Amino acid sequence: MLKKCVLCKKYTLKNRCSCGGEAVDAHPFKFSLEKERKYGKYRQQAKTQ
Ligand SMILES: [Zn+2]
């Protein structure tokens with residue numbers, strides 16, 4: 001799973017970056033996009049009522 005270093009912001013597949021920084025899942029961005037899409041649909045329905 002793709003991870004991103006919290007220190008140098010580089011993408012890595014390891015838990016720890018070569019710079020020594022901790023690498024965290026690079027997922028939250030994609031997850032928030034899907035969430036936004038769901039709420040966007042809900043908003044459209046609410047608007048037509
Ligand atoms: Zn790093």
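**A residue in strand E2, and the sheet around it**

Let me begin with Tyr11, which belongs to strand E2, residues 11-12. Please note that the model before us is a predicted one.

Is Tyr11 buried or exposed? Tyr11 has 11 C-beta neighbours inside 10 Å, and it therefore counts as exposed; the cut-off for that class is 12 or fewer. Which residues does Tyr11 contact, once its neighbours within four places in sequence are set aside? They are Leu2, Lys4 and Ala26.

Three strands form an open sheet in the order E2-E1-E3, and their pairing is antiparallel. E2 and E3, the latter covering residues 23-25, are the edge strands; each has a single partner strand, so one side of each has no neighbour in the sheet. Strand E1, residues 3-5, is joined to E3 by three bridges in the antiparallel sense. Within that pairing, Lys3 has Asp25 in E3 as its bridge partner.

Finally, the protein as a whole. Of the 49 residues, 4% are buried. As for contacts between residues at least 6 apart in sequence, 5% of them link residues at least 24 apart.

Thank you for your attention.

Note on methods
Residues are numbered from 1 along each chain as its sequence is written. This is a predicted model: local features need pLDDT of at least 70, side-chain atom pairs count only at pLDDT 80 or more; totals for chains, interfaces and linings use all residues. A residue is buried if 20 or more other C-beta atoms lie within 10 Å of its own, exposed if 12 or fewer, and partly exposed in between; C-beta atoms are placed from the backbone. Two residues are in contact if their C-beta atoms, placed from the backbone, lie within 7 Å. Helices (H or I, at least four residues) and strands (E, at least two) are DSSP runs, numbered from the N terminus. Two strands pair if DSSP finds at least two bridges between them.
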